[in-house]
Amino acid sequence: MKTAEIFDQFLKSKIVTTDTRNISQNCIFFALKGANFNGNTFAQEAINQGAAMAIVDEKEFENTSQNIFLVNDALETLQDLARTYRNYLKIPFIGLTGSNGKTTTKELISAVLKEKFKTHYTFGNLNNHIGVPLTILSISEDTEMAVIEMGANHQKEIELLASISQPDYGYITNFGKAHLEGFGGIEGVIKGKSELYDFLRANNRTAFVNFNDPIQVEKTEDINRITFSDQHNANVQIELIENETEYLAVKYQDLKIQSHLTGNYNFSNISCAIAIGEHFGIDAKSIQNGIENYFPSNNRSQIINKENYKIVMDAYNANPSSMEASLNNFAKFEGSKTIIIGDMFELGEESKAEHQRILDLAESLDFDQIFILGHNFGETITNNPKVQKFENRVAFEECLKENPIKTQNILIKGSHGMRLDLLENI
């Protein structure tokens with residue numbers, strides 16, 4: 001079956017799914033496959049539940065009388081359908097990637113754009129080769145702006161996602177020590193993430209660029225670009241206001257914008273949202289409203305105030321770059337401080353050295369208590385009596401039952417697989 005025929009059906013329902021638990025009337029079901037599942041086996045069930053069409057890629061499951069149609073590859077057909085719909089939508093697409101801060105930046109950009117436009121943006125973390133097509137196919141026809149987050153853990157992935165989303169504008173938050181194993185080191189990270197720049201360059205599109213980042217500046221010298229900075233002569237000038245509280249504030253035009261985010265590392269994220277808002281004609285007061293009305297609730301730079309203490313919950317993910325930034329920021333908090341940090345994943349042969357480096361940094365910052373969780377941190381070397389090691393979250397929670405934390409501030413950070421967001425009795 002051809003993509004054009006599937007697209008005709010899609011325009012009738014505007015609903016696709018890859019999960020029979022989410023079947024709705026007249027949707028299109030795509031039978032995707034993974035290491036432990038085969039969606040082809042659920043095609044008839046999808047039809048029985050009300051799907052108008054099921055797309056399979058194994059001949060034995062084809063049944064045209066039941067509207068179960070065969071294609072060469074169900075995933076590639078889903079991606080092609082998303083490309084077709086993206087071209088059908090005549091609205092600006094903003095694509096963003098980077099090692100750290102993608103999701104927070106996406107949320108901030110969207111918060112600003114929503115002040116003027118009906119904006120659709122990536123939900124949660126649907127930013128991969130399946131999530132990006134599903135995000136595009138969920139855009140309603142009355143949408144005026146789209147913000148698409150693109151994640152990657154190996155080269156050529158951003159190239160694919162850019163070919164699907166075809167962004168008119170692009171932004172790379174930074175190049176950091178994330179997914180080093182898949183990318184093959186930091187140079188591989190730079191090359192892989194820069195595939196977004198390759199798309200913008202080849203298609204005469206525009207990049208938003210942090211002029212404080214020399215690598216981003218160098219990588220975009222031959223691309224149409226809109227720049228922002230607090231230090232250099234850029235298109236958009238934003239000033240960092242030195243910390244009056246744990247929350248980050250900036251000055252834009254004559255306005256002080258008080259965010260609900262912690263850490264100077266969020267300055268570039270906020271600044272990008274401001275620059276994009278200005279480019280699309282949103283007035284300064286509306287930009288301020290968008291940013292000030294954004295409250296992080298996704299375990300990213302989220303401050304949770306308790307009765308006698310506060311928790312900085314930054315446990316959605318971690319890599320050496322983001323871990324270093326979080327520790328340095330948390331060290332500036334007033335009062336006694338405890339850190340709970342968990343293993344960082346996908347670092348390959350750099351893992352041992354990076355975990356040791358992060359622990360050494362933590363010890364140098366003179367926190368009151370240092371709890372390190374996981375196998376990789378467990379192999380680090382330390383003689384510091386403030387450091388306590390635990391194999392996992394469960395073992396740590398057992399300790400907390402008899403030894404509650406009593407400091408005024410607590411930082412929780414680790415890779416998502418450590419599930420430190422589930423810690424109890426903190």
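Residues are numbered from 1 along each chain as its sequence is written, and side-chain values use heavy atoms, with hydrogens and water left out. Because the model is predicted, local features need pLDDT of at least 70 and side-chain atom pairs count only at pLDDT 80 or more, while totals for chains, interfaces and linings use all residues.

Residues 14-85 are 25% helix and 22% strand, with end C-alpha atoms 10 Å apart. Residues 300-381 are 35% helix and 23% strand, and their end C-alpha atoms lie 29 Å apart. Helices (H or I, at least four residues) and strands (E, at least two) are DSSP runs, numbered from the N terminus.

Helix H1 (residues 3-13) and helix H3 (residues 74-88) have axes that come within 10 Å and cross at roughly 65 degrees. These axes are lines fitted to C-alpha atoms over the stretch in contact, and angles run from 0 to 180 degrees between N-to-C directions. In contact, meaning heavy atoms within 4.5 Å, are Thr3, Ile6, Phe7, Phe10 and Leu11 of H1 with Thr77, Asp80, Leu81, Thr84, Tyr85 and Tyr88 of H3. Seven of the residues in this contact are nonpolar, three are polar and one is charged; Ala, Val, Leu, Ile, Met, Phe, Trp, Tyr, Cys and Pro count as nonpolar, Asp, Glu, Lys and Arg as charged, and the others, Gly among them, as polar.

Asn40 occupies the loop between strand E4 (37-38) and helix H2 (43-48). Asn40 counts as buried because its relative accessibility is 1%, where buried means under 20% relative accessible area, exposed over 50% and partly exposed in between (1.4 Å probe, protein chains only). The side chains of Asn40 and Asn38 are joined by a polar contact of 2.8 Å. Such a contact is a pair of N or O atoms within 3.5 Å; within protein, one must be able to donate a hydrogen and the other to accept it, and residues adjacent in sequence count only if both atoms are side-chain atoms.

Ile172, in strand E10 (residues 169-172), is also buried, since its relative accessible area is 1%. Not counting residues up to four places away in sequence, Ile172 touches Thr97, Gly98, Lys193, Ser194, Leu196, Tyr197 and Gln216.

In helix H13 (residues 320-330), Pro320, Met323, Leu327 and Phe330 are among the buried residues. The buried residues of H13 pack against elements including strand E17 (310-313) and helix H14 (351-364). Asn319 caps the N-terminal end of H13, with a side-chain oxygen 3.0 Å from the backbone nitrogen of Ser321.

Most residues other than glycine have a negative phi. Asn204, however, has a positive phi of about 55 degrees; Asn204 counts as exposed because its relative accessibility is 60%. Asn425, in the segment after E21, has a positive phi near 60 degrees.
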